[in-house]
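Here is a short report on one protein model. Please keep the sequence and the 3D view open while reading.

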Amino acid sequence: MEVGIPLGDEDQGCTILLTSRDLNVLLKDMDAKKNFPIGVLEHEEAWHFFKKIMGDVVESSDLLPIATEVAKKCGGLPIAIRTLATFLKNEPPFVWEDALRQLSKPSSSNFKGVPATVYSTIEWSYDRLQSEEHKQTFLLCSVMGHNASLDLLLVFAMGLGLFRGVSTIKETRNKLLTVVSHLKASCLLLDGCTITHFDMHDLISDVAKSIASKGNRMFDLRCKHDLNDWPDDETMKECDKIVCIGMSELPDQLKCPKLTVLCMGSKDPWMKIPTTFFKETKNLKVLYLVGMSLPSSISLLGNLRVLRLVNCVLGDIALIGELKNLEILNIVSSDIEMLPKEIGQLTKLKQLDLRHCSKLRRIPPGVLCKLSRLEELYMDNSCDEWGAEGHSSLQSNSSLAELQGLLPLTALEIRIPNAKIIPKDFSFEKLQRYIIFIGEESHWDWNWDWVREYSRTLKLNLQTSIRFLNNGVKVLLKKAENLYIDEVKDVEILLHESEVGNYFQQLRNLHIQNGAMVQYILKDVQKIEFLQLESLTLQGLPNLISFCSQNEGSTSISPQEIALFKQK
């Protein structure tokens with residue numbers, strides 16, 4: 001048995017249905033025994049599907065003759081019908097006539113695997129997008145593969161400066177989400193596996209790559225492995241974007257003066273990049289490396305705005321400090337042990353992502369506070385050894401007080417091992433997005449992908465009462481969407497009425513566990529409402545009597561009249 005699929009004749013109780021655009025994939029790669037070709041829709045089926053999207057009004061209007069002809073141009077392929085019909089819905093007759101004129105022309109591409117009718121319909125939809133920002137975002141999405149991350153798309157969009165009139169990450173994110181929603185409404189993009197991802201149909205992706213490659217501007221070497229697959233030098237001079245994953249060797253020098261985006265991953269882990277590799281790529285704005293090391297020539301990339309390093313063996317990364325125009329620095333799942341003081345020279349940096357860097361133990365004092373434009377800091381469990389307040393020369397690590405001075409900071413993901421090291425006057429008020437874990441690390445199965453679907457998460461390993469928390473932390477309680485409370489010791493009542501205030505108004509998920517003495521979650525509380533709550537988990541609370549206890553001196557309200565949760 002491989003990946004859960006029974007093999008051979010010994011198990012007759014399992015039938016697997018596979019679909020593919022390429023028959024050879026089924027015959028050769030999957031060893032399928034029976035193959036059933038699925039053709040395109042017949043004319044009546046195609047028209048019914050087209051009409052279902054357009055509405056019955058199309059049959060009773062003057063558009064009927066031209067609508068019928070337009071539907072035929074889709075060649076019976078559902079994806080083409082859906083895309084074209086969605087675009088033309090509620091459009092005036094002259095738009096339909098212009099569409100029919102363009103679709104009647106021969107396809108501008110002989111792209112392998114994409115029927116000419118499909119190419120024409122998708123290309124027409126692309127041409128009709130409302131702005132250049134929409135077009136460039138659509139083309140960029142095609143490079144990113146299936147179920148791609150919206151956060152990664154944001155990083156690319158910022159690096160390329162796709163959106164005008166925005167200055168902060170929040171503004172850019174809002175603009176990007178708006179454009180993505182428009183592309184979904186046009187059926188050019190699909191929902192992803194979660195709300196933080198997006199997807200694209202294979203055929204639409206192929207057409208988008210073909211459009212992007214006109215004029216030899218983009219190369220996708222995702223399935224190539226050696227230098228023979230690289231374009232010639234003259235072609236490379238005009239290249240704008242390169243994606244090369246799974247490479248076994250690299251040229252000594254990349255002669256691409258117009259290159260703006262390079263995504264590169266090695267076939268062999270930690271393959272070294274030649275020292276002269278970046279000498280003729282000085283226009284590069286986005287560099288994304290997976291499983292590789294940094295050459296000294298990276299310091300030549302003075303125009304670089306985004307540097308993303310995933311699972312890389314890096315060693316000393318002080319050279320990154322020379323990239324003065326860098327706005328996004330992502331060092332994810334890499335082996336760095338210390339963030340060098342030179343990172344403090346990146347005064348234009350807006351986002352610093354150090355997630356899953358398990359060896360990172362030191363950030364010298366004075367580094368973070370120099371990043372005066374920093375808007376987002378992501379560290380999860382990386383470097384949880386914060387120093388004491390102040391900037392002593394003998395201090396080994398940055399203190400949380402440095403974050404207080406970062407006025408633009410609106411997104412934060414960190415672990416604070418002890419609530420006592422939080423400065424008394426520290427405020428989290430300005431945070432709009434956060435995942436903050438306060439307390440000793442517990443063995444909690446925390447699904448990070450699920451948690452990140454929400455904007456604000458607070459996890460407390462208390463070992464004490466909430467009343468003793470820093471006032472700044474209590475601000476997080478008021479805004480939290482996810483709240484996890486663990487290891488509550490020597491506490492019978494988690495919250496009294498006087499402590500509740502306006503907490504929990506935005507709470508969607510509440511998880512409380514491991515409180516041996518807890519009898520009530522809320523005591524003497526009658527007005528609080530969990531109107532947004534979607535899930536409630538209580539476990540490891542052996543002495544729990546009730547979630548909420550009514551005021552002992554009140555007899556006017558019966559337990560049935562205290563509505564804490566919405567009906568759901």
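## Basis and overall make-up

This is a predicted model, in which local features need pLDDT of at least 70, side-chain atom pairs count only at pLDDT 80 or more, and totals for chains, interfaces and linings use all residues. Residues are numbered from 1 along each chain as its sequence is written, and side-chain values use heavy atoms, with hydrogens and water left out.

The protein has 15 helices and 20 strands. Both are DSSP runs numbered from the N terminus: helices are H or I over at least four residues, strands are E over at least two. Of the 568 residues, 49% count as buried. Buried means under 20% relative accessible area, exposed means over 50%, and partly exposed lies in between, with a 1.4 Å probe and protein chains only. Contact means heavy atoms within 4.5 Å. Among contacts between residues at least 6 apart in sequence, 54% join residues at least 24 apart.

## Helix α6 and its cover

Helix α6 spans residues 116-127 and has twelve residues. From its first C-alpha to its last it reaches 16 Å, close to the 16 Å expected at 1.5 Å a residue. The expected span is 1.5 Å times one less than the number of residues.

α6 is mostly covered, with nine of its twelve residues buried. These are V118, Y119, S120, T121, I122, E123, W124, S125 and Y126. Their cover includes α4 (78-88), α5 (93-103), α7 (132-143) and α10 (202-212).

## How α4 meets α6

The axes of α4 and α6 come within 9 Å and cross at roughly 30°. Axes here are lines fitted to C-alpha atoms, for helices over the stretch in contact, and angles run from 0 to 180 degrees between N-to-C directions. The two helices are therefore roughly parallel to each other; that term covers angles under 35 degrees. The crossing of α4 and α6 is left-handed, meaning that the near helix is turned anticlockwise from the far one by less than a right angle.

On the α4 side, the contact is made by A80, T83, L84, F87 and L88. On the α6 side, it is made by V118, T121, W124 and S125. An α-helix has 3.6 residues a turn, so residues three or four places apart point the same way.

## Helix α10

Ten of the eleven residues of α10 are buried, so the helix is largely enclosed by the rest of the structure. The buried residues are L203, I204, S205, D206, V207, A208, K209, S210, I211 and A212. Charged side chains can be checked here in the 3D view. The cover over the buried residues of α10 includes α4, α6, α7 and β4 (218-220).

Strand β8 covers residues 306-310, and five of the five are buried, so β8 is largely enclosed by the rest of the structure. V306, R308 and V310 point one way, while L307 and L309 point the other way.

β8 pairs with β7 (residues 286-290) in the parallel sense over five bridges. Two strands pair if DSSP finds at least two bridges between them. L287 stands opposite L307 in this pairing. β8 also pairs with β9 (residues 328-332), again in the parallel sense over five bridges. There, V306 stands opposite I328.

## A three-stranded open sheet

Three strands form an open sheet in the order β1-β3-β2, with antiparallel pairing. β1 (148-149) and β2 (190-191) stand at the edges, each with a single partner strand, so one side of each is left without a neighbour in the sheet. β2 and β3 (residues 197-199) pair over two bridges. L190 stands opposite D199 in β3.

N147 lies in the loop between α7 and β1. Its phi is near 45°, a positive value in a residue other than glycine. At 33% relative accessibility, N147 counts as partly exposed. H356 sits in the loop between β10 (351-353) and β11 (376-378). The phi of H356 is near 60°, also positive in a residue other than glycine. H356 counts as partly exposed, at 42% relative accessibility.

P93 is placed in helix α5. P93 is partly exposed, with a relative accessible area of 48%. The C-alpha atoms of P93 and A67 are separated by 9.6 Å, and the two residues are 26 apart along the chain.

Technical notes:
Angles under 35 degrees count as roughly parallel, over 145 as roughly antiparallel, 65 to 115 as roughly perpendicular and the rest as oblique.
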